[in-house]
Amino acid sequence: PYTRKARRNRGEGKGNAERRMPEGVVLVRGRGGSKDAAYAFANDVHAPDSTGGAVPRPMCNIHGWAFWDSIGRPRHVCAPMVEQSELSFRQLCRRYGTTLAYTPMFHARLFVEDPHYRAEMFNSKQDGAAAVGDRPLFVQFCANQPETLLAAARLVEGHCDAVDINFGCPQGIAKKGNYGSFLMDDFPLVFALINKLHQNLSIPVTCKIRRFEDDAKTLQYAKLCADAGASVLTVHGRTREHKGPGAPMADWSIIKKVREHVGIPVISNGNIVTYEDVEACLEETGCEAVMSAEWLRRNPALFHAGSQMDAFQLAREYLELCDVHPTPDCFIKNHLFKLLGTVEGGFNDYPDLRERMGQAHDRRMMQQIVDELHLAKVRQLGDIPSFPVGTKADLLPKIGQRSAPAIGEGDEEEVPLFDIFSMDL
């Protein structure tokens, strides 16, 4: 029902000012903490459908704050990152203060249609398993077809606490595939995707969004997501256009307004470099939790109450976890390059070790290279300072050199992803 042709036939084409909500849903006047504008929102429970009946109530018996209580009111969140928030990395982060984690973003249609892709991306015997401590866990999908999204979500609903919809990815690959933040202008489709899961899953649906330049539209967008059925809302304080080296700081003030405007838990995303930022963000926004992506990759102990951690120790622990939980070599090497890049000079001072790590396809070989780099750095520096080094002002110019970002946060320059994410969803 949401193909471009079908939408044009319903008068929902690009440039049409009158955009219709899905059948059975009405728009009413806004209400909530912000009263300086008329925010429209969709009511999915009380609105009459075309036959005069009521819109069905959801299958899931737990929602919003009750759901948040049921998962322990987490405060420190590992973001969804393509090829980066896999089980081994999630487990390392959980050791050091992370209390909620997301899977990498999965391509909904491929997850349904391709068993090899599904098996590679999600191991139902380990991912989300209580026995390995991988809870609470949210599984994230990108999608633009409600039925396809539901089919994918049903494959994981018994292995996670919630299914999350990606409305935040700002990368060009998301534009090509028509997902992520490139759906934020299509309110009817956003509503339909959320509401489809809300009405048909046995677990809650959540979503991750970015802000508009206009605060009033951002609040309308957030309220629509909540009223479509989202139990938790993550808000990135940057717009879709805010990416790359020149991106401004995330706007915590609009996140605070969203928190006051919606009746569900809100997670703040953006501007988290140190543990002091975590505490400041929680206080300034009033949000229930803080999410980190890029800086958590650099320091998996970011949420560990400001503890000073040795990057080489974290690297070795991560490799040990990779022995327990099968992890693709490319994931491992990306994490090691990012993590050990926090040490002054990193691999850049030793191009031979960098080349060997790039070619390594054996855990023992990777471990040996980490040990060799550690020894070389001790000889070079005399001692390895724990992470983080110095203040936030020191960190930003030293470690914050723009390198490959964690897809999902979009704070740095665009990097190519595997071509499947440009496919139709």
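Over the ring of which residue does the charged end of R298 sit? The charged end of R298 sits over the ring of W295, 4.4 Å from its centre, where a charge sits over a ring if NZ of Lys or CZ of Arg is within 6 Å of the ring centre and within 35 degrees of the ring normal.

This is a predicted model, in which local features need pLDDT of at least 70 and side-chain atom pairs count only at pLDDT 80 or more, while totals for chains, interfaces and linings use all residues. Residues are numbered from 1 along each chain as its sequence is written, and side-chain values use heavy atoms, with hydrogens and water left out.

**View 1. R298 over W295, and R354 over F337.** Besides the R298 and W295 contact, R354 lies over the face of F337, at 4.8 Å from the ring centre.

**View 2. The stacked pair of F67 and F138.** A search of the whole structure finds eleven aromatic pairs (rings of Phe, Tyr and Trp, the last by its six-membered ring, with centres within 6.5 Å; planes under 30 degrees apart count as stacked, over 60 as edge-to-face and the rest as tilted). One of them joins F67 and F138, 5.9 Å centre to centre with 25 degrees between the planes. F67 belongs to helix α2 (residues 64–70) and F138 to strand β5 (residues 137–142), 71 residues apart (helices, H or I of at least four residues, and strands, E of at least two, are DSSP runs numbered from the N terminus).

**View 3. The edge-to-face pair of Y102 and F138.** These rings lie 5.2 Å centre to centre, with 70 degrees between the planes. Both residues are buried (under 20% relative accessible area, with exposed over 50% and partly exposed in between, using a 1.4 Å probe and protein chains only).
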